[in-house]
Amino acid sequence: MRTRGNERPAVAVRLEAVEKTYGRGDGAVAALRGLDLGFDTGSFTAVMGPSGSGKSTFLHCAAGLVRPTSGRVLVGGTDLADLDERRLTELRRNRIGFVFQAYNLLSSLTVHQNIVLPLQLAGRRASRERVLSVVDRVGLADRLDHLPGGLSGGQQQRVAIARALVTRPAVVFADEPTGALDTRTAAAVLALLREAVTVGGQTLVMVTHDPVAAAHADRVVFLADGRLVGELHRPTADAVAARMTRLGAWEDDPVPAGPASSSSAASFDAGPGGGR
Ligand code: ADP
């Protein structure tokens with residue numbers, strides 16, 4: 001297993017037998033049903049699964065935004081259940097970064113103000129070098145005084161990535177980060193996220209429904225009905241699409257466009273659930 005000196009454990013995030021049930025009694029919904037998953041430090045993992053399979057719930061539990069009903073979530077060896085709300089918030093601010101599909105930038109703040117916000121919230125000084133290095137990495141140096149509304153979708157997502165990286169978090173969680181972007185812009189954003197792993201040594205966990213995006217990861221894990229039902233290492237878009245088709249992932253949605261679509265469409269009529 002990979003180690004990176006003393007300061008970062010080999011496994012950045014671990015879920016052990018995590019269950020999450022929403023509601024009680026007759027109306028109870030089991031979103032996660034005993035999930036065991038580990039994410040090595042410095043790895044890039046994509047999380048896929050049909051709609052309702054528990055991807056968002058997983059992401060929120062792993063990031064300490066939702067407490068599991070049972071089981072454990074460890075971030076950098078710290079059991080989140082041991083933390084009260086204040087310390088949990090602190091851990092999220094210092095060790096975790098987020099990137100969302102809808103960017104979630106504050107429209108009244110400039111690019112620069114958006115990027116340094118997490119540092120300010122964490123009560124940390126925004127060192128000029130730190131900010132400039134992250135701004136440089138995402139190619140936004142000439143946009144710092146702009147408001148997000150004047151930027152393209154790809155540029156806004158790059159601001160969001162800079163904001164996620166500025167605290168140098170151990171783990172970055174991305175929820176459909178390329179969902180609103182065209183293919184070329186998506187590829188550029190994925191390359192930036194990949195760089196955070198290879199250059200920054202960060203751990204990246206990305207929920208996506210796009211096999212092409214997932215193929216940028218080192219590993220794809222597949223969820224169905226709140227359980228881990230498979231994984232692929234060094235995935236190709238075609239292999240990911242085929243696995244998703246076997247999970248019946250695209251019963252309600254059109255098969256995503258891209259190089260994978262023709263092969264997945266070919267086997268789509270074979271019927272859902274074959275891979276389970
Ligand atoms: P995915 O992200 O894969 O679509 P989710 O984690 O959003 O899956 O949902 C998993 C299951 O949990 C679904 O059946 C969903 O309806 C249910 N669920 C998610 N969030 C809530 C909630 N806040 N209250 C009740 N049920 C929920």
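Modeller: Let us begin with the cavity lining, to which helix 1, strand 6 (96-100) and strand 7 (171-175) each supply at least two residues in the case of the largest cavity; helices (H or I, at least four residues) and strands (E, at least two) are DSSP runs numbered from the N terminus. This is a predicted model, in which local features need pLDDT of at least 70 and side-chain atom pairs count only at pLDDT 80 or more, while totals for chains, interfaces and linings use all residues. Residues are numbered from 1 along each chain as its sequence is written, and side-chain values use heavy atoms, with hydrogens and water left out.

Colleague: How many cavities of 30 Å³ or more does the structure hold?

Modeller: Rolling a probe the size of a water molecule over the atoms shows where empty space is left. A cavity is a set of points, on a 1 Å grid over the protein atoms alone, where a 1.4 Å probe fits but cannot get out, and lining residues have an atom within 4 Å of a point; grid points are joined across faces, edges and corners, and a volume is the space filled by probe spheres set on the points. Here there is one cavity of 30 Å³ or more, and the largest cavity holds about 40 Å³ of space.

Colleague: Which residues line the largest cavity?

Modeller: Its lining consists of Leu-59, His-60, Leu-65, Phe-98, Phe-100, Phe-173 and Asp-175, which divide into five nonpolar, one polar and one charged. In this scheme Ala, Val, Leu, Ile, Met, Phe, Trp, Tyr, Cys and Pro count as nonpolar, Asp, Glu, Lys and Arg as charged, and the others, Gly among them, as polar.

Colleague: Which element gives the most to the shell around the ligand?

Modeller: That element is helix 1, with three residues, although strand 2 (29-40) and helix 1 (55-62) each supply at least two. By class, the shell has four nonpolar, six polar and one charged residues.

Definitions and conventions. 1 Å grid on protein atoms, 1.4 Å probe; cavity = no way out; pocket = protein on both sides within 12 Å on 5 of 7 lines; lining within 4 Å.
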